[in-house]
Structure formats: structure tokens, C-alpha cells
Amino acid sequence: MKKKKNGYTLPPHEFKLVVSTLSQQTGWGIKQTKIPSTWIVTAGEGETVMVIDTGWSDHKDLGENCIKGICTVTGSGIEDKQGHGTHCAGIIAAKNNNTGMVGVAPKAKVLSVKSLGDDGHGSFAAIARALEYAIEQKPTVVSMSLGATSTTNRIGIAIKKLYNMGIPVICAAGNDGAAGVNYPAKYPETIAIAAYDKNGKIANFSAIGEEVDFSAPGVAIYSTYLRNRYSVLSGTSMACPFVAGVVALLISKHKKNEAITGNNDCKTVEEIRQHLLKYTVDKGYVGKDDTWGYGLLDVERMMMSENDPSLNLPIYVEPEDPKEIKSPSKR
């Protein structure tokens with residue numbers, strides 16, 4: 001998809017509509033990072049991820065986990081008619097309900113804001129208003145799978161405000177490869193995400209640049225789509241909500257520990273970034289590089305370490321068949 005001047009657009013991405021199975025599927029990225037084993041700590045309950053994208057979805061696998069926000073696209077309703085926003089929402093918070101697929105944080109909420117029209121394009125003003133709405137609503141995390149080669153002061157001011165409020169803004173690095181990282185991922189206050197495949201190789205489309213912070217699953221990602229269907233998409237657009245979901249889990253974990261110990265060292269964006277760095281597996285060149293950033297996240301180790309003993313967590317054994325996975329409340 002070509003970029004539209006003076007505005008933001010969806011990064012170009014691969015798409016494939018698929019027939020869903022009668023049982024729940026657990027995506028390769030969630031399996032590889034062993035996220036289901038961490039739901040004994042938290043499945044994201046109490047946390048909200050604002051997704052600024054193509055709109056809200058009433059998909060059955062999202063249900064009450066997907067909340068209507070606002071539409072900042074002139075002359076449009078909030079419903080997603082493009083599919084991209086629905087796919088991103090599912091990656092974050094599709095329910096753990098033994099059908100379809102399951103998200104990274106299946107008990108978190110997605111607050112959907114429509115700032116990209118049905119053609120995948122959105123004006124600078126529409127994106128700026130969405131970010132200002134985030135400032136008003138104070139979500140746990142903001143997820144932005146969109147990009148442009150330029151930006152505006154209004155957008156930059158909003159990004160900085162969210163940063164100072166301790167609200168991490170997770171952004172897709174972009175799908176233009178060596179052409180570089182796009183805005184808003186280019187802002188130093190955001191966390192820019194590259195994409196890798198199930199074989200542990202960086203995607204050939206993933207943007208390269210010094211602004212890349214981390215890498216996440218972004219190739220052949222199965223998630224919710226229009227009209228209660230499912231699709232497989234590839235792009236840093238898919239890697240971005242994956243990390244947004246992980247950050248929601250991380251923040252939820254620290255809030256739970258704070259309720260018991262009174263301590264929480266995961267409140268500012270820089271503290272959140274440091275926790276991610278602490279549990280990052282280095283890839284590519286030693287240290288931070290322009291392709292992988294710092295590397296990929298070891299979610300299981302991040303979530304299962306340093307838990308307060310007073311939580312008295314039982315041992316979790318992951319079932320062999322994904323359809324048998326149940327939420328902690330049902331065990």
C-alpha cells in the first residue's frame with residue numbers, strides 16, 4: 001500500500017483469509033514465548049490497551065474485551081470495515097474460550113479508536129486527536145500499527161505527554177526494510193517493534209534503523225478478522241500489538257505485587273523499558289543493532305521471576321492440546 005502524503009497509513013502487509021478450526025488455536029508466537037504458562041500470574045486483568053487503528057469490532061472472540069472508543073475519521077462510524085484493527089485487537093486480547101484463537105493478554109481490554117479510514121489512511125489531525133484521547137482516558141498501554149515518513153508538532157507533543165504520564169506507546173517500526181523506521185515509531189519516547197518469523201529470522205520487510213527497540217512475532221500471525229472470521233497477516237503491525245499485550249501483562253504483574261508489598265518499580269516508561277531489557281534475548285550483532293534492536297523478549301522468564309512469595313502461586317503445566325487451555329479462574 002503506497003503512502004499517502006500528509007497523513008498516516010497502514011504499513012504494507014501480507015494478508016490471507018483462512019478457515020477457522022472448531023477448537024482454539026494458540027499462535028506460534030505465543031507458544032514460542034510460552035505465554036500461556038504466565039497466565040497463572042496474570043492474564044492482563046484490569047489493564048486496557050488502546051489500539052489506534054481502523055476501528056472497533058464486535059467479533060465473537062473479542063466480545064466484551066473490545067470496547068468502543070471514539071472515531072476521529074471525519075464522516076465515518078467507529079466500526080472496523082478494513083480488518084486491520086480487528087486483527088490487532090485479537091493479538092492482544094482475544095478471549096481464552098476454547099474457540100478460534102487466544103490473545104497475549106486474554107483478560108485485558110482493548111479500547112478501539114478509529115483514526116484510519118476504511119482505505120487504511122488517516123490524517124495527521126485524526127492521529128493527533130486519538131493520542132489526545134489517550135491522554136484523557138489514561139489506558140495502560142497505547143498500540144499504534146501505522147506509519148508515515150513525517151509527522152506534526154501536535155502529534156509529537158501528545159507522544160511526549162503520554163511518556164511523561166508513564167503510558168508506554170508501542171509502535172510498529174514499519175515494513176519498508178532498509179528505507180528506515182517510520183513515525184510514530186521514530187520518536188524516542190515510543191517503543192519501536194520489528195518483526196521476526198517462527199524460524200527465528202528477522203522478516204525481510206521489517207524496517208531497519210537505530211530507532212528499533214525490540215523484535216516480536218510478526219510473520220504469518222493468525223488472529224480475528226471481519227465478520228467473525230480469522231485471517232493470517234504478516235507485518236510489524238502484528239508484532240506491535242504482541243508487545244503491547246506483553247507490556248499489559250508486565251504492568252498487571254507489578255500492580256498485583258504492589259498490592260501486597262507496596263513496591264512497584266514498573267510505573268514509568270523508562271522503568272518498563274528496563275524490565276523489558278532485563279529479559280531480552282540478544283539477536284543479530286552483540287548488543288543493540290538496527291535490525292533486531294535489543295533482541296526478542298523472554299516473556300516466560302520476565303513474568304515468572306521475582307514473584308512475591310505471598311502470591312502462593314500453584315505450579316502451571318501447559319496442556320499438550322491448545323484447545324484444553326483454560327483460564328486460571330477455571331482451574
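K114 is buried, at a relative accessible area of 0%; buried here means under 20% relative accessible area, exposed means over 50%, and partly exposed is anything in between (1.4 Å probe, protein chains only). Residues are numbered from 1 along each chain as its sequence is written, and side-chain values use heavy atoms, with hydrogens and water left out.

- The chain has a mean pLDDT of 89 (pLDDT is the predictor's confidence in each residue, from 0 to 100), and 87% of its residues reach 70 or more.
- Residues 308-331 are the stretch to watch: pLDDT stays under 50 there, and the model gives this stretch 39 contacts beyond four places in sequence. A contact means heavy atoms within 4.5 Å.
- Where pLDDT is low, the predicted coordinates should not be read in detail.

**Salt bridges**

- The count comes to 11 salt bridges, each one a side-chain nitrogen of Lys or Arg within 4 Å of a carboxyl oxygen of Asp or Glu.
- R154 and E132 meet at 2.8 Å, N to O. R154 sits in helix α4 (residues 153-164) and E132 in helix α3 (residues 124-137), so this bridge ties together parts that are 22 residues apart in sequence. Helices (H or I, at least four residues) and strands (E, at least two) are DSSP runs, numbered from the N terminus.
- R154 is partly exposed at 39% relative accessible area, and E132 is partly exposed too, at 24%.
- D298 and R301 form a salt bridge of 3.2 Å, N to O. D298 counts as partly exposed at 23% relative accessibility, and R301 is partly exposed at 40%.
- D213, E270 and R273 are joined in a network of salt bridges.

**Nonpolar cores**

- The largest nonpolar core has 58 residues, and I35, I170 and L276 touch the most other members. A nonpolar core is a set of buried Ala, Val, Leu, Ile, Met, Phe, Trp, Tyr and Cys residues joined through side-chain atoms within 4.5 Å.
- Helix α5 (residues 236-261) gives the most to this core, with 12 residues.
- Another core lies apart from that one; it has 34 residues, including I127, A130, I155 and A194.
- Leaving aside neighbours within four places in sequence, I35 is in contact with I30, V104, F242, V246, L249 and V299.
- In soluble globular proteins, nonpolar side chains tend to be buried together.

**A buried glutamate**

- E189 is placed in the loop between β8 (169-172) and β9 (191-196), and E189 counts as buried, at 15% relative accessibility.
- Once neighbours within four places in sequence are set aside, E189 is in contact with I159, K160, Y163, V269 and R273.

**Aromatic pairs**

- The whole structure holds 6 aromatic pairs. Rings of Phe, Tyr and Trp (its six-membered ring) pair if their centres lie within 6.5 Å; planes under 30 degrees apart count as stacked, over 60 as edge-to-face and the rest as tilted.
- W28 and Y196 make an edge-to-face pair, 6.0 Å centre to centre with 65 degrees between the planes. W28 lies in helix α1 (residues 28-32) and Y196 in strand β9, so the pair ties together parts that are 168 residues apart in sequence.
- W28 is buried at 15% relative accessible area, and Y196 is buried at 3%.
- Y196 also pairs with W292, this time tilted: 5.7 Å centre to centre, 35 degrees between the planes. This pair links distant parts of the chain, with Y196 in strand β9 and W292 in the loop between β13 (280-281) and β14 (296-297), 96 residues apart.
- W292 is buried at 8%, and ring pairs link W28, Y196 and W292 into a cluster.

**Cysteines**

- A search of the whole structure finds 0 disulfides, a disulfide being a pair of cysteine sulfur atoms within 2.5 Å.
- The sulfur of C88 is 7.0 Å from the closest cysteine sulfur, in C240, which is too far for a bond. C88 counts as buried at 1% relative accessibility.
- C240 is in no disulfide either, as the nearest cysteine sulfur, that of C171, is 6.1 Å away. C240 counts as buried, at 0% relative accessibility.

Technical notes:
Predicted model: local features only at pLDDT ≥ 70, side-chain atom pairs only at ≥ 80, totals over all residues.
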